[in-house]
Amino acid sequence: MSNTKLVATTGRPTGSAASRRLRAEGHIPAVLYGNGVSPISLTVVRRELRVALSGPSGSNTVLSLEVDGTSYPAMVKEIQRHPVKRTVSHIDFVAVNMNAEVTVSVPVVLTGESEAAKAVDGLVDAAGDTIEVTCTPGNVPNEISVDISSLAPGQVIRLGDLKMPKGVTALGDPDTAIVSIIHNAPAAAEGEGEAPAE
């Protein structure tokens with residue numbers, strides 16, 4: 001079980017007004033469910049949540065969520081944020097079985113630098129910054145590294161080309177483009193292609 005502990009409090013009042021008061025006091029309304037656990041309404045301290053998720057795994061951290069003396073291995077399922085302030089307004093935790101696979105989004109990190117692309121002023125075109133994978137909670141990678149140092153203009157690294165850590169499976173079409181190098185076409189010179197003035 002994870003050593004990243006987060007203490008949750010039960011018995012929170014429900015309703016929009018009560019939730020606003022909790023947030024004003026530095027608490028975040030939450031719920032825990034999954035893996036045979038009936039939904040439990042909770043609150044967590046905003047500062048403690050931030051610390052718990054500040055490690056390299058981020059929101060994929062496996063937590064020891066302590067609820068009324070019981071520790072649940074849990075992960076963040078969904079984080080709701082204020083539409084303007086972007087502060088966390090509600091969080092869903094899902095209790096997990098450490099021996100059963102989960103589906104999570106993992107960041108894609110590009111490493112290296114393509115000399116061939118630099119030679120033609122090419123641009124790195126990343127299709128996205130995350131991919132979905134399945135694995136057991138204890139095997140969730142912090143990131144998937146993609147080395148682009150040998151990538152040349154016109155070439156594409158696809159999902160099926162990525163080397164996954166042991167026990168991790170990428171989801172999606174293997175032909176999905178992950179990153180490519182495109183030519184940076186110079187802008188046409190002013191007046192180029194115009195008919196000569198008479």
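Let's start with helix 1, residues 16-24, where A18, S19 and L22 are buried. Buried means under 20% relative accessible area, exposed means over 50%, and partly exposed is in between, with a 1.4 Å probe and protein chains only. Seen down the axis of helix 1, the buried residues fall within an arc of 100 degrees, so they line one face. That arc is taken from the directions between the helix axis and the C-beta atoms. Helices here are DSSP runs of H or I with at least four residues, strands are runs of E with at least two, and both are numbered from the N terminus.

A word on the source. This is a predicted model: local features need pLDDT of at least 70, side-chain atom pairs count only at pLDDT 80 or more, and totals for chains, interfaces and linings use all residues. Residues are numbered from 1 along each chain as its sequence is written, and side-chain values use heavy atoms, with hydrogens and water left out.

Back to helix 1. Its face turned away from the buried side carries the exposed residues S16, R20, R21 and A24. What covers the buried residues? Strand 2 (27-34) and strand 3 (37-45) are included in that cover. After the helix comes G26, with a positive phi near 90 degrees.

Now the cores. A nonpolar core is a set of buried Ala, Val, Leu, Ile, Met, Phe, Trp, Tyr and Cys residues joined through side-chain atoms within 4.5 Å. The largest has 25 residues, and M75, I131, V133 and L162 touch the most other members. Strand 7 gives the most to this core, with 4 residues. Take L162. Leaving aside neighbours within four places in sequence, L162 is in contact (heavy atoms within 4.5 Å) with I131, I144, V146, I157 and I178. Apart from this core lies another, of 21 residues, among them I28, L65, Y72 and A95.

Next, strand pairing, which needs at least two DSSP bridges between two strands. Strand 7 pairs with strand 9 in the antiparallel sense, over 6 bridges. There, V104 has V133 as its bridge partner. Strand 7 also pairs with strand 10, in the parallel sense, over 4 bridges. V109 is bridged to S145 in strand 10.

Last, how many salt bridges? The count is 1. A salt bridge is a side-chain nitrogen of Lys or Arg within 4 Å of a carboxyl oxygen of Asp or Glu. E66 and K5 form it, at 3.9 Å, N to O. E66 lies in strand 4 and K5 in strand 1, so the pair ties together parts 61 residues apart in sequence. E66 is partly exposed, at 25%, and K5 is exposed, at 58%.
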